[in-house]
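Here are my notes on this one, jotted down as I went through it. Have a look at the structure first, then read on.

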Amino acid sequence: MYQPPSLLEKWSQENNELVNKCKQQEAGGGAVSQDHRQSSLRWCSSEFHKLLRKIQGIPPHVDHSQLELAVVYNTCVCFTAQSQFSEAELLLKEATERVLQVTGNNADTSDPLVLWRAGLKSAGNTALHPHVLYLLCLQWALWLAKCQLENIGELQEQMSSLCEIVCDGVGDGSPSEAKGRLSKSPLLVMEPKRLTELLQICTSIAQGAEKLNEGRSSEALSDLQAASALPATRALVAYTHLLSGSCLAHMNRPQMALQCYKKALETDSRCVCALYRSMLIYRQLGNTQAEIQALRLLHSTLMLPPATEPVLGGIQPLSPSLLLSSQSLSRLLSVPSALSVLYSLALKCVLSGRVTEGVEHYLDLLAALHSEDQHAVDAEVSVLPRMPELYLEAGTALLFTRRPADCMAFCNEVISTTLELVPEKVVLEEPEEGIGGDARGLSVEGEDKVAMLLWAAAAYLVQGHCHAHLKDWKQAVTHYTRCINLLVKVHLKNRDFQPQIPAADVNVKHGKDLCTLQRMKGLSLAWRGISFTQMDQLREALRDLQLSLQAFPDYTGAGLWCGEVLWRLGRKHEAAACWEKTWSLTTQTSVERYLILW
Amino acid sequence: MMESVLSEDLYRNPHRLSHCGKTISFNCKRAPGTNDNEGSELIFCSLSFEREGNTFLKAADGAAVISRKRLAHVDIVKCKSVTDAQKRATAPCVLVIKKSEKRSSFQYSLLTLSSSNRLEPCVEFKLPYQMKGAVYILQGPTVLWRHEGGVLYTSPQAEGVRQVPIHFSHCVVGELPLHKGQVFVLGLQKLPEESTSQTLGYFVEDGQVFDGSVILPHLYISITQCILVVAADRVDGVLKCDVVAATSNRLLVYFENGVVKDVCQLPFEQPENIQVVNTGRYGSLFAVSFCEGHVCTIWKETFQIAALWSSVTSIHVDDFLGCGTDQMLLVFKDRIIALEEFLITDLCGISFSHGQDTDAPKTSPPPSENYLLTLKALESRLQSGLTVLQELQREVTVKESVLRQSVKALTDVVSEREPVLTQHEQEGLIALWDSDDESKNEALDDKIHDIPAVSSKPRIDKLWHRTTEGRMVVGVILTTDRSAPVTNVSLSILTDAGQCSRPAVIQTQSQVFWLPAACSSPSSSSSSSFSASTFPEPPAKKSKQHNAISTNDLNACRVAVTAVTKLTPLLNSGRVKCHVMLHYIQTPDAFSFMSNQRPVVLHCGQVALDIQNNLHTELLKTPQLIADEVREDFLSLLAVLDHWVFHIDSPEYSLGDINGWIQKRVGCKKIEVSPQYLLLNSSGPSALMLLNWHQITPFQGELHVHSSQLQMFQFLDSLLAYLPESCSIQPLKGAGGKGASKMFALALEKELVSLREYASLLLCEEDEEKLKEKCFGYKETPDAGSVEGLQKCRAMCQRDLERSNMKLSPLVDVGQYRRLIQSMSKIQLNGDLAALLDIQFSPLMCCSGFHG
């Protein structure tokens with residue numbers, strides 16, 4: 001008589017075949033593209049799920065439980081790997097309930113924590129216990145992936161005993177292990193030991209990030225230091241060092257933090273974030289040379305083609321990135337884009353006097369912005385200053401390096417793009433001190449118009465400087481005059497006459513605009529005055545310089561030249577008074593970058 | 001008014017079946033008539049579908065009087081279209097019950113509707129009870145029902161009501177699509193002697209009993225609600241069949257020969273019936289109807305849900321359109337003479353609905369698999385296109401940056417500008433801002449350099465011996481002067497001369513261990529190294545390279561030397577006393593491999609052979625004890641046991657706490673006299689094992705194993721299970737491999753430093769002489785005002801000029817130069833030797849590595 005094979009035998013065989021197929025697909029995964037992996041994973045998970053439905057189609061049975069839990073484990077690993085967390089969680093819940101049924105317990109609860117405790121207790125010392133623990137591993141992974149760290153904390157006790165049993169049980173040569181290896185236990189997609197190791201370090205990292213976020217740096221530091229000794233991939237070990245560094249930086253220990261970042265880079269050379277954080281530390285320490293060096297390295301590292309993840313002996317289906325998705329962590333691990341790094345580098349070089357270098361970087365940046373495809377640039381532009389500002393900064397840097405012709409070309413570019421858009425009349429509201437919040441008179445377009453005007457004016461100003469640099473005083477006067485003509489288009493209005501639209505952040509911006517405007521007025525007038533002085537038109541010079549001092553009294557250059565003109569006009573007492581007054585002024589104001597040079 | 005409402009009610013929800021493309025409804029009704037013998041009447045109405053009008057039209061109707069008795073109550077139990085075994089044709093059957101007034105007996109009759117639209121009685125039987133639960137009208141026609149744990153049936157052939165002779169705890173009733181032996185009952189029978197139950201099948205026609213697990217695995221019997229046999233075949237008397245079963249836990253399961261092939265989660269509870277719909281070339285559907293009017297259809301091929309409906313009064317499968325394939329008729333609102341609301345569909349293009357203006361069939365994503373496949377294909381094409389694009393873009397950016405750099409270099413060349421290369425670009429490195437100052441080491445270095453060589457004898461602190469398994473270990477602990485390190489240390493054993501004229505040397509194997517200084521407690525020591533020679537730091541060695549396990553850590557100048565020898569020659573010679581001699585070379589220079597210094601021999605003392613002096617008793621008893629005895633035991637054990645060193649390297653996955661893992665093994669104890677060693681004594685003294693794990697980085701380390709070979713292999717086997725998969729284990733030949741390369745590095749460094757020093761010494765001496773001469777010649781600066789002063793100044797200037805010219809191409813003394821060359825060649829010889837040693841070790845490392 002024909003005897004069909006027993007269900008258990010058949011299903012075990014099916015499970016093992018599936019696992020082997022999965023492993024083969026993953027092992028061959030080195031060359032295979034990401035989407036192929038995804039589709040094979042999808043296939044695996046649907047096959048496992050089908051098998052599981054078959055197994056769970058009959059009432060829970062002691063003989064089948066071990067296989068059933070193994071298949072639940074496999075299915076859940078596949079689901080989790082595809083970020084189908086709710087499906088996986090549901091399966092786990094059902095599995096635990098069925099374990100309870102098999103062992104003759106009943107827990108009428110929907111609270112997963114209570115359910116797990118009951119499940120673990122009922123599995124007790126039976127053969128099912130390790131399998132229930134494996135499932136708990138997955139629950140752990142799910143909680144971690146969903147950033148529910150408090151649940152993990154709740155089951156801390158169970159988790160640590162889990163780690164001991166799962167990890168330390170391996171390879172200790174005990175008789176139970178030998179028996180386990182021989183017996184035909186169902187195969188698993190991912191070794192529970194590896195999973196536990198992954199979970200341990202990922203939990204430490206996630207918790208560390210969370211604590212760091214909450215300001216408990218020292219607590220986080222000790223945990224992370226301990227975690228750095230855990231077995232894990234290079235990238236994860238590097239993360240522990242990186243976060244330790246962040247903790248130390250938080251605790252105001254920049255040198256130790258640097259050591260940690262260095263360790264992170266030594267551990268994993270792909271840890272760009274460590275480089276970025278080191279740069280921030282150098283910036284904080286005021287070590288400009290180091291900062292520039294770090295920026296340069298960071299930029300060249302970011303420009304490298306993305307390194308492919310090294311192929312381990314059998315890729316694990318669960319990737320660390322899946323488990324490390326918390327907000328606070330991704331904030332800590334974020335690195336700006338290559339272009340914005342390049343911009344910071346260029347700016348830093350110029351500000352720290354390495355102008356030639358800075359000019360090169362500016363040119364590289366502009367070239368990259370022009371050459372790169374529009375899509376990538378659009379994403380970048382939001383973090384970079386606007387194009388005209390970049391042009392102005394680059395142009396000013398060029399003027400620093402005595403390339404006035406190039407500088408003028410840049411300024412012309414700015415003028416040609418902005419001048420047409422400059423309105424005939426701009427009303428800028430003067431924010432009153434003490435009353436913030438509602439000083440807002442212009443729409444977004446209006447704001448843009450102010451920016452346009454300021455850019456065009458700045459371009460003229462810089463062009464004027466170029467001509468002054470070439471000692472072409474007449475041309476200089478012309479350009480300064482253009483600048484002044486643009487600037488006087490802005491009408492300052494008292495806020496009382498304006499419609500009131502509250503917007504706090506805009507107020508700040510407006511204050512800045514106003515400051516820039518005044519400063520530019522002062523500078524352009526002063527420089528026209530100086531140019532007049534050079535052409536011996538002392539009267540005009542005196543008028544301009546005095547106007548300049550009115551508009552922007554902090555500019556010492558205007559005061560000094562004013563004294564000079566007065567002296568030349570023979571008004572020596574006034575001259576002396578003017579000089580005295582100028583010297584008494586302290587100049588600590590930070591001027592807009594393209595105006596700082598004079 | 002009352003009458004009309006009553007009759008309306010009567011006509012509602014009649015019993016309906018489908019037969020030959022028509023749908024027939026049955027209902028009971030009081031026979032009209034005002035006379036006394038008013039009885040009950042069974043009426044039927046046959047409807048056929050009219051495509052044009054999109055409605056069902058009456059094809060035939062009729063009535064039959066069931067009971068003439070006035071008070072008798074007549075009800076329809078069930079109706080179904082089944083095969084009549086005698087006529088060999090399907091016929092609509094309807095089972096009616098007549099309840100007598102006293103309710104003591106129930107008369108059932110099965111009527112069939114003949115082709116001439118007449119209701120004919122087929123089977124009539126009386127029961128003392130009313131049927132409850134499921135009643136089946138099966139092929140034959142057979143009526144089958146359950147009562148009080150028994151399964152009863154009747155048919156025209158059976159002649160009366162019969163009972164299945166097996167007592168089932170659960171049972172499933174089905175029909176096989178075969179000519180003979182069609183109706184079967186499956187059930188679980190409790191075996192009296194065992195606690196388990198077995199699946200039995202029973203054919204109603206011939207009473208044959210068979211193994212039910214060929215149809216349904218036994219675990220499924222108790223949960224199966226209804227069953228449909230899709231195909232069945234008898235091959236050599238063996239039944240093979242495909243079965244679909246709906247279970248109580250909302251699952252539709254497909255079995256092939258009793259093996260689960262596929263499952264599908266059902267959306268509703270309590271399945272009642274499964275029908276198969278053959279839609280022709282589109283494949284087949286299973287239509288599962290549920291309690292409370294739910295219907296779910298599932299594709300047979302993919303076993304995925306095709307469509308769902310709710311509030312369905314009845315579902316029928318037949319060829320209502322007469323097109324050759326099956327359709328489903330879903331009735332939503334029913335009256336006996338008309339269908340008010342219905343839907344005819346096969347989900348493959350045919351769809352006729354009536355009375356459902358808004359209710360388009362609520363199809364859940366229909367053949368979702370097909371869409372999914374198409375989507376998948378499109379998605380993967382898109383993905384691959386995107387990856388190609390990204391690769392191209394990446395290539396372009398790389399090329400562009402290369403171009404940009406080249407152009408920059410070119411413009412630099414053209415404009416004769418010095419190309420600006422940054423520090424890290426020159427080095428081709430990614431540099432971190434590493435600011436370590438090396439200045440503070442210099443003072444220390446100088447001090448080491450200037451220590452004068454004073455020779456002094458090493459002091460013998462202790463002499464001991466142990467015997468074990470036919471071997472004897474003799475050990476000596478000596479203290480040497482830090483300034484006069486000893487090299488090439490070994491022990492030899494001489495038999496007592498006694499009456500003989502000459503003492504005989506016994507062959508021995510010597511090993512040297514470095515111990516921590518005598519005064520300090522045995523904390524971290526350098527005893528992980530076993531090299532028999534010592535290398536003091538060369539002057540240029542940076543303090544950065546200091547580490548606790550350095551072989552050259554000469555702060556600890558206590559040395560233990562052991563010698564192992566076989567016991568037999570000693571016993572043969574009959575001597576129980578022997579002399580222990582220490583051989584060594586004392587030299588201030590560690591690199592004098594080829595030096596002419598002769599080895600010194602020192603007599604350490606005598607040992608009286610004591611076979612009772614067994615090894616490692618103390619150590620095994622109390623490894624946590626710190627005592628000389630234990631230390632001696634430990635050293636003897638190290639000398640006796642075979643020794644392997646493994647380099648474990650896991651480039652991508654950190655190793656974790658290996659030491660902790662070893663300590664958790666059974667019988668593992670820390671040895672307090674040398675805490676970095678772990679004693680593993682799991683199974684008796686013959687299987688002793690000493691382990692020392694030295695972690696170099698989180699990703700690599702060295703494992704020293706002292707044990708028998710078998711033990712070592714067993715240990716490595718279990719270690720491999722613990723280690724990451726991507727890790728490699730390579731055996732090193734002793735510790736020599738690493739020592740040799742270190743030695744080589746030190747030798748090269750030494751060579752470089754001495755060359756620099758000698759050369760500068762040569763030039764400096766010359767310079768100093770001249771300086772002296774100059775100082776004596778012109779003590780005071782000449783007065784530039786006078787003529788002589790001016791002359792002198794001029795002469796001085798001339799001399800200075802000459803001197804600086806000389807400096808550019810200096811002349812040196814031949815003798816001094818010779819001396820320099822001589823010493824340099826000596827040093828180079830040492831370097832060559834170290835290189836040779838290094839080469840000898842390194843290929844061994846490469847070849848014999850095995851991977852975990």
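The points below go from ground rules to chain B, then a helix, then rings.

1. Ground rules. This is a predicted model, where local features need pLDDT of at least 70 and side-chain atom pairs count only at pLDDT 80 or more, while totals for chains, interfaces and linings use all residues. Residues are numbered from 1 along each chain as its sequence is written, chains are lettered from A and ligands numbered from 1 in the order in which they are written, and side-chain values use heavy atoms, with hydrogens and water left out.

2. Chain B overall. Chain B has 13 helices and 43 strands (DSSP runs numbered from the N terminus: H or I of at least four residues for helices, E of at least two for strands). Of its 852 residues, 42% count as buried (under 20% relative accessible area; exposed is over 50%, partly exposed in between, with a 1.4 Å probe and protein chains only).

3. Arg459(B). This residue sits in strand β29 (residues 459-468) of chain B and counts as exposed, because its relative accessibility is 52%. Beyond its neighbours within four places in sequence, Arg459(B) is in contact with Ile477(B), Leu478(B) and Thr479(B) (contact: heavy atoms within 4.5 Å).

4. Helix α28 of chain A. Ala575(A), Cys578(A) and Thr582(A) are buried in α28(A). Looking down the axis of α28(A), the buried residues fall within an arc of 65°, so they line one face (the arc is taken from directions between the helix axis and the C-beta atoms). What covers them includes α27 (556-568) of chain A. On the face turned away are exposed residues, among them His573(A) and Trp583(A).

5. Aromatic pairs. Over all chains there are 22 (Phe, Tyr or Trp rings, the six-membered one for Trp, with centres within 6.5 Å; planes under 30 degrees apart are stacked, over 60 edge-to-face, the rest tilted). Tyr480(A) and Trp527(A) have ring centres 6.5 Å apart and planes at 35°, so they make a tilted pair. Tyr480(A) is in α24 and Trp527(A) in α25 of chain A, so the pair ties together parts 47 residues apart in sequence. Tyr480(A) counts as buried, at 0% relative accessibility, and Trp527(A) counts as buried at 11%.

6. Charge over ring. Lys193(A) lies over the face of Tyr722(B), 4.5 Å from the ring centre (the rule: NZ of Lys or CZ of Arg within 6 Å of the centre and within 35 degrees of the ring normal).
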